[in-house]
Each structure stands twice: as structure tokens, then as C-alpha cells.
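Please view the sequence and the model together while reading.

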Amino acid sequence: MYIRVSDIPREGLDVIASRGKSWISGTLEGMDPYPLQTCRLISAGLFLTLEGRDIFTGGSFVAEGEALCDRCTEVFTVRLEKEFHTVLVPSDRGPSGSTNVELHEEDLEIGFYDGSGVEVTDLFWEQVALALPVKLLCGEECRGVCPRCGGNRNRGECACPEARAAGPFDLLKTLKKEKE
Ligand SMILES: [Zn+2]
Ligand SMILES: [Zn+2]
């Protein structure tokens, strides 16, 4: 959904109130959700205000998707929640020319827009990407897979002998034996 700068009234624009909730579930449709397999917005809020040509966004969302666990490779459901405040500066002006932005809080994220309007999908997709954890784990306690048989250790022990990690001393022992 595209919102033009000229669509934002002086008092600001409550995107949900003005455009309805129906667009929320389809917002991320057609986007490549990598590293997730699927991703959709469950709920979202977005308020836009203009200050000069800078667009201030205040929003929040709950998103849900499927991902493969980095350790055990099983599919699990990821739930992401975030609140965000950003200021979008017209790209033709750049950060150096922006006088307003410097006066605002330092933790305010600064982005750019083309000067005519913002694509709501891009806005939310960027925030979803920022909310992603560094590692996608089905759970903090995930035990991963057995390096020998590939069995999922979360489902129980396999019959493989305990794999001992080969350290540098093992190599020394071998060399010593060969000498003897
Ligand atoms: Zn896992
Ligand atoms: Zn095994």
C-alpha cells in the first residue's frame, strides 16, 4: 500500500483507521521472507506525521512465520513483535541537509524515501528484518542433531557412541605413537 506525502494531513495519518485492517494480513505477501520460510503480519499499527518534508513514523506489529531451526533444522513458528519510530528523509536532500532530524532523539532510526510517498509494505518488511534474531532456534534448549546419524537429539538419544571432539592433543598422541 502506497501512501503519498499529500495524503498525510496536518494532524497526521492513522493508517489503520483510514485504510482499514484488511490490508494487514496481505502486507508482506509476495516478499521474499528469507531467512524465514513464510511470514505474515498478525497485527499492525502505523501513524504518519509530516514535519516539513520529513515523514515521522510510529508503528508496531506482531508477525508470525515459519523458519528452519539453525541447530536441528526442524520447522518451527517464529513470533516477532516490535515497536518502531523512524524518520524518513527525502532522498534528494540527504542526511547532511536535514536540519530537523538532528534535533530529535538519537535513537530515532533514519531512513530515506523518494520524496513522493512511502510504500507501507517496505516499511514493515524492514522492521520485520530488524526484529529477526541473529540465530533462528526452535528453543534456547535445542540440542541439535547427531553429527553421525543426523537424528534429532530433541527427540531422544540415538544409539551412536558419544562423539568425542578431536582436540590438538589427539594429534600429538598419534604422532608420538608413530615415532615409537
Ligand atoms: Zn532446534
Ligand atoms: Zn546418532
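Leaving aside neighbours within four places in sequence, G58 is in contact with F47 and H85; two residues are in contact if their C-beta atoms, placed from the backbone, lie within 7 Å. G58 is found in strand β4. Helices (H or I, at least four residues) and strands (E, at least two) are DSSP runs, numbered from the N terminus. G58 is partly exposed, because 14 other C-beta atoms lie within 10 Å. A residue is buried if 20 or more other C-beta atoms lie within 10 Å of its own, exposed if 12 or fewer, and partly exposed in between. G58 and V87 are 29 residues apart in sequence, and their C-alpha atoms are 8.9 Å apart in space.

## Basis of the model

This is a predicted model, in which local features need pLDDT of at least 70 and side-chain atom pairs count only at pLDDT 80 or more, while totals for chains, interfaces and linings use all residues. Residues are numbered from 1 along each chain as its sequence is written, and chains are lettered from A and ligands numbered from 1 in the order in which they are written.

## The chain as a whole

The chain has three helices and seven strands. From the N terminus on, its elements run β-β-α-β-β-β-β-β-α-α. Of the 180 residues in the chain, 16% are buried. Among contacts with a separation of 6 or more, 57% are between residues 24 or more positions apart.

## The sheet

Five strands form an open sheet with mixed pairing, in the order β2-β3-β4-β5-β6; two strands pair if DSSP finds at least two bridges between them. At the edges are β2 (13-14) and β6 (109-113), each of which pairs on one side only. Helix α2 packs on the sheet and touches β3, β4 and β5. The direction of α2 makes about 120 degrees with that of β5; axes are lines fitted to C-alpha atoms, for helices over the stretch in contact, and angles run from 0 to 180 degrees between N-to-C directions.

Strands β4 and β5 pair in the antiparallel sense over 14 bridges. The bridge partner of A63 in β5 is L80, and that of A67 is F76. By contrast, β5 and β6 pair in the parallel sense over five bridges, and V89 has F112 as its bridge partner in β6.

## The nonpolar core

The largest nonpolar core has 23 residues, and those with the most contacts inside it are L41, A44, A63, V120 and F124. Such a core is a set of buried Ala, Val, Leu, Ile, Met, Phe, Trp, Tyr and Cys residues joined through C-beta atoms within 7 Å. The elements that give two or more residues to this core are β3 (38-51), β4 (54-68), β5 (75-90) and α2 (120-131). With neighbours within four places in sequence left aside, A44 is in contact with I24, T27, G59, F61 and F124.

## Turn and loop details

The hairpin formed by β4 and β5 has six residues between the strands. T73 lies in the loop between β4 and β5, and its phi is near 60 degrees, a positive value in a residue other than glycine. T73 is exposed, because 12 other C-beta atoms lie within 10 Å.

A cis peptide bond, with omega about 5 degrees, joins Y34 and P35. P35 lies in the loop between α1 (15-19) and β3.
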